[in-house]
Amino acid sequence: MSLRPFECRIRRLLILIFLLSFLVVAIFTGITKFVEIRSSYIDQMTAQMNIAQNLISGFVLRYDNHFIEVADKCRGYSTDEVGENLLQSVHSLDVGDIFYLIDHEQRIVLISQPYQDYVGMSFVHTPFFDSPHKISAVHQSFFTNKSVVTMQYPTSCGMTLVIERDIVNIMGAMDFFENGKIFSSQIMFVLTSEGVVAYHPDEKLVRSRHNLGFDMKEWAMPAAGKLFSYGLDGEKFFALKKEFDLLKGWTLYFSVPARSLFNPILQAIMKQFIMVLFFFGIFYFVLQFFLNRYFSRPVRNIVAALNEYEFPQKSMVVDEKHALGVEEFAALIQGLNAMAAEIDRSSRDLRENEIQIRLLLNSTAEGIYGLDTSGNCTFCNSSFLRMMGYENEKELLGRNMHQLIHHSHADGSSYPVDECLAHAGVLRGDKAHSDDEVFWRSDGSSFSVEYRSYPVLDEEDVVGAVVSFVDITERKEAARRLEAEKEQLAVTLRSIGDAVITTDIDGRVVLVNRVAEDITGWSQQEACGKSLQEIFHIVDGHDGTPRHNPVDKVQSSGIVELESNTKLITRDGREREIADSCAPIRDRQNRIIGVVLVFRDVTVQNKMQAEAIRAHKLESVGILAGGIAHDFNNVLTAILGNISLVERIKDFEKQKPLLANAEKACMRAKGLTQQLLTFARGGEPIRETASIHDVIRDSADFVLQGSNVACNFTIPDTLWLVKIDKGQISQVVQNIALNAKNAMPKGGVIDIVCENWAWEKNGACPAPGNYVRVTIKDTGIGISAENIEKIFDPYFTTRDVGHGLGLAVTRSIIAKHNGYIEVVSKLGEGTAFIIYLPAERGHPILEKHPVKEVDAKGAGRILIMDDEEIVRDVAANMLGLFGYDALLCADGEAMLEIYKRETRLGNPVDLVIMDLTIPGGMGGKEAVGRLLEIDANARAVVASGYSNDPVMVDCLRFGFREAIVKPFQMEALAGVVKKVME
């Protein structure tokens, strides 16, 4: 630490005070001296100018009276006489003077010797002689090359006497002033009104009639005392001027060089400077002594003590003796000691914080460095040194970081600092981020970085910036590889035969391949970024209600298949039947980042399958026709035989067992018709929640009756419920059982095992959940390995008879039930078909309950609608036995009329039993809707022989209270009526 800067300030302050004081004194002295000298010059110059004017005027006009007398004597004489008289009278002319006489026509009639040759010369066109002044301006003589002035004297005879005087003769009168100058370098000269020199010490100017007034430049207005300035030949002059009273237009100038006026002033100022310098010298040394004694020495002592201070310091920093008795410095020392103690404490805290901050900075993997407002490095962490190839922080501190690590783009082109985002925090006080630039290492190599720049603020002022960055070389390479993989994947997806749509986690379309473009009507460019539901608009094929978004289902349950009978509404409004599945797209951390949908247009395929099913039914009917005909003949035989016996036996007690046998035969016939109806079902399934127990038993027994193949059933009472179309599932069991029977021509056993089964990872089913698994296994000839992959293909068969459609239809039905079928077979040992059907979650396990006897007696008015009279009559008689009154009608129109009429008469109908199908008339499905419009509380029961009709499966949805299947027994009919009436 040094006090020299402060001492220098004191010295500079004293010198400044001295200079200011001197400047004030010099200005005052200069102005005073200038006024004094100027007044003295003006007085002396004025006196000399008055004398010079009188001398010049007297010299020019010293013969004026004589010439006037001569002119008066010229009276009426002839020209010769006047000339002779003039020659005798004009004898006082100076050397070089000329006289001549001009007449009234302005011609010379007489002239001095030796200029006789000019007699007769005319001055008519000479402007000079038109002047009203007696004395002319300086001009060149008409007879010589001398500068002259002329004086005109009119004579009594009408002519004019002209005296031409040589200007050189005037200079003799000015010798007095040239020989006795009172000022050094003074100049006195005379100018005419045109500025031409009439007199000047330089005779050349006079002889050449020089226009000196033109040369006098930079004129300044006269100051006090009429003193003015002008410039001539690069020098400045001060002058006085005075116009002649007699010599009109002539002006006398008296000038001196400006330096002759300023030199005395400068001398006076120098004397003042020496005096001021002496005074301030004494003052400076006295002040320096006291400053050193009572200021500098105490400060130096305090500074020396501070220089010896070391951190940490437990004792006081400065001893109070260094104050040298100055109270203010003693107080300063006390303050310094207190401040030192506080600094010690703060320094320890600061050092600890610095260590912590440095540890934090060096522990991060990001490179971090700081900038001041000039873009120079203020700090950096160890990660920065490692990534940039520097040994230590000292190599970077104070260096411009843009020029060091960010001077160029990746291609080597220059990177202007005002475009640098890393410096945005310093240049504009903004936060900045970039992930597509490079930094340059100390060895000249570069690498890709992602960096962020944050301004450092002191209140609202930007004092620097902090920049953090990471090496993203590997990330960019991975992104490049990923982009290449995406491109390859896109090419692959656009090349495969199935339609593919991929979405992000929010259900926005990312990719649509070529097949999907053709099916949906949306191009990749149009679909990208749109919601999947807008591009992939799917509805239920039965009622047109929208299907759930597959993206939501995939995110909640994993891989799912589209529900059966799903239709896609294309962009132009067409409907396409589609099938297949969708699955989640996962990243390396197994997180779902999107969904992929793979589907195909199965519109034509489904039509072909429907045709195949119909063809298969014809084939199956042909195979089963013999057995069914045999069973019906047996049933009819039993019915007819028992009825014939009743006709011959009169005893009622003996008739009862015969009628009971006939009734059993009728119920057997009902069972056969139900099996035929079930077998006839096709198309889309109409599903209901039910137990699969009875469906499997009835279907297998139906196919195997009359054959040499037996069937064993293993079906637990705790089997879960399923939602199925009983007719179609029956057809599945029949098809598989029929194939098993054909595989055992010598007879055998079919084992059918049903069990509850939960989905496991990598299991057979495509989606997680609970299933009912049905295994149908035979002990037949088995299926070869080359044929097992083809058995579900339409029209594939190894038999000489048949069309090969049974298993193709089977797989189609199972798929429509969102199930799965697989086959296991070994030649010579048999084949097992395994079916998985989704179990209904939340439904209770099926339990058996004993049937309770119900009292079917009742009362009320029942309206029976059926197109068959025999059915109407039988139903009326049955209900009459149970206490009901019956009204009969043949179709829906008649039913509505009767219902309204009876209501109007005050005898309302309590219940309507409607046949579902009325040939040529209004059936029950339409009639119940019309009935409920009339009476919203009307009660209706539907009756039909088509037990698998949708109305019979879910009658409540169509407005009926209950359904009963034809043919029905009397107790069943009464029980349904009783239930609805209650």
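A residue is called buried when its relative accessible area is under 20% and exposed when it is over 50%, with partly exposed in between (1.4 Å probe, protein chains only). Welcome to this chain, a predicted model in which local features need pLDDT of at least 70 and side-chain atom pairs count only at pLDDT 80 or more, while totals for chains, interfaces and linings use all residues. Residues are numbered from 1 along each chain as its sequence is written, and side-chain values use heavy atoms, with hydrogens and water left out.

**The chain as a whole**
- Of its 982 residues, 42% count as buried.
- The chain holds 27 helices and 34 strands; these are DSSP runs numbered from the N terminus, with helices (H or I) of at least four residues and strands (E) of at least two.

**Nonpolar cores**
- A nonpolar core is a set of buried Ala, Val, Leu, Ile, Met, Phe, Trp, Tyr and Cys residues joined through side-chain atoms within 4.5 Å.
- The largest one has 54 residues, and Leu 86, Leu 161, Val 190, Tyr 230 and Trp 250 have the most contacts inside it.
- Helix H1 (residues 4-60) gives the largest share of this core, 7 residues.
- Apart from that core lies another of 42 residues, including Val 709, Cys 711, Ile 752 and Ile 821.
- Leaving aside residues up to four places away in sequence, Leu 86 touches Val 70, Cys 74, Phe 99, Leu 101, Leu 110 and Leu 161, where contact means heavy atoms within 4.5 Å.

- In H25 (residues 924-934), the buried residues are Gly 924, Ala 927, Val 928 and Leu 931.
- Seen down the axis of H25, these fall within an arc of 100°, so they line one face of the helix; the arc is that of the directions from the helix axis to the C-beta atoms.
- Lys 925 and Glu 933 are exposed on the face turned away from the buried side of H25.
- The buried residues of H25 pack against strand S30 (860-865), helix H24 (892-904), strand S32 (911-915) and strand S33 (940-944).

**Strand S11 and its partners**
- Strand S11 (residues 367-371) is largely enclosed by the rest of the structure, because 5 of its 5 residues are buried.
- Gly 367, Tyr 369 and Leu 371 point one way from S11, and Ile 368 and Gly 370 point the other way.
- S11 runs antiparallel to strand S15 (residues 461-471), joined by 5 bridges; two strands pair if DSSP finds at least two bridges between them.
- Ile 368 has Ser 468 as its bridge partner in S15.
- S11 also pairs with strand S12 (residues 377-380) in the antiparallel sense over 3 bridges, and there the bridge partner of Leu 371 is Cys 377.
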